[in-house]
Number of protein chains: 2
Amino acid sequence: MRSIFENQLHVLNTNLILMGSLCEDIISSSLVPISENNQSVVNGARKTYQQIEQMEHDIEAQCLKLLLRQQPVAKDLRRISAALKMVYDMKRIGAQSAEVAAIFSQGHVHDGTEFAQLKQMVEQVSAMVTDSVDAFVHDDESLALKVIQNDASVDQEFDTIKTSLITHISELSHDGDYVIDVLMIAKYLERIGDHTVNIARWVIFSITGELNGEET
Amino acid sequence: MRSIFENQLHVLNTNLILMGSLCEDIISSSLVPISENNQSVVNGARKTYQQIEQMEHDIEAQCLKLLLRQQPVAKDLRRISAALKMVYDMKRIGAQSAEVAAIFSQGHVHDGTEFAQLKQMVEQVSAMVTDSVDAFVHDDESLALKVIQNDASVDQEFDTIKTSLITHISELSHDGDYVIDVLMIAKYLERIGDHTVNIARWVIFSITGELNGEET
């Protein structure tokens, strides 16, 4: 039979999985085809983000309660501290995805090279979110390391987009709204990649007690 | 005579003050006049950032040790948890300031309206960093609330700059490097403001046990 403490850790785990799946949902729906009803997408993203914020509060409160009342052993302390740190990264992933949906819904970013690149970034970071949360749930250090490695290609994609935009400005091939919106979306997606790296680092800390590399 | 635990809390305090002053240094030096030797500024910022990263690690380790070994009472637990969360925001402030210095050193952002606006943003967020750390050190809830209120004008400044840049693109009045670099610097400064809001929120949590508003 589980102790009360083990039950509470189990609830914490379940909450983190749920928060992770909300993050996956919100990213995946952030760049839907322009022809669809964008206002409903933005409203949906805003609603999902509110749920994510609420979960951050709940999980933080739960972690602080576990830390204070239960005097956990080292392994559990690491897991609870990791959760306390990770929820901020998950919340930021939610916030940044909602920003992406809001910018995209304004309709300045149309089909073309950068749009295809942004779509690819969404797929990459979405998979990294899934992997980082799975790594936590299954105590999977190698999956966490994979997330950290994958971030380099997201950073590369951001640099590629930035370079194209500088050319667009000089050639007047796109208007200002397009350039600014593409850059902001790319930057948000690049930061989402960074937050998955942070989550992965906390997973590794939770497993090994060592902090791997730098938070980003 | 102080207990060992009280001594350790005192060391934690001192470390946070030191980390805060490094953050103030790195922001203040991020937008120096273009005529000076920018490479030395960038190197200086990089070095300060390395110190900030090291302090993040040290303080995190110290917080986890205090949480595990000392079984703190509620007030101290809140303070330690707040410190554990705040150091990430302080580290991000350092990272974003170093990015600002690196972008600015490339020399694409020259004197003019946006430069004056960026300088003003630097002054605003620099004061917010000082205030948020002071609020923690002195358990000053009203100072923390002031930081949270001040963030609106930083956000406003960012929007103003973004709007001017869209006009610049359509009028071809500045080249692509200028536009992209100004936007990136403004975005980093806007995020620094957000991180001071997070710190202020953790200060309020540390004092009252209540989380004020949303993390940003």
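UniProt positions are given here in the numbering used for this structure, with feature names shortened, and such annotations may be inferred rather than shown by experiment. With that in mind, the unreviewed UniProt entry lists "domain: PhoU" for residues 17–102 and 118–203 of chain A. This is a predicted model, in which local features need pLDDT of at least 70 and side-chain atom pairs count only at pLDDT 80 or more, while totals for chains, interfaces and linings use all residues. Residues are numbered from 1 along each chain as its sequence is written, chains are lettered from A in the order in which they are written, and side-chain values use heavy atoms, with hydrogens and water left out.

Two copies of a chain are related by a rotation about an axis and a shift along it.

Where the chains meet, 47 residues of chain A are in contact with 47 residues of chain B, contact meaning heavy atoms within 4.5 Å. Because 100% of the interface residues of chain A are also interface residues in chain B, the copies meet through the same surface. Together the two chains bury about 3,900 Å², 65% of it on carbon and sulfur atoms; buried area is the accessible area (1.4 Å probe) that two parts lose on being put together, summed over both. Tyr88(A), Ile169(A) and Ile180(A) supply 16% of the area that chain A buries against chain B, more than any other three residues.

Across this interface the rule finds two salt bridges, each requiring a side-chain nitrogen of Lys or Arg within 4 Å of a carboxyl oxygen of Asp or Glu. Glu60(A) meets Lys85(B) at 3.2 Å, N to O, and Lys85(A) meets Glu60(B), also at 3.2 Å, N to O. The latter pair runs from helix H3 of chain A to helix H2 (residues 38–70) of chain B, where helices are DSSP runs (H or I, at least four residues) numbered from the N terminus.

The side of chain A that touches chain B draws at least two residues from each of helix H2 (38–70), helix H3 (74–105), helix H5 (141–171) and helix H6 (176–208) of chain A. The largest share of that side, 14 residues, comes from H6(A).
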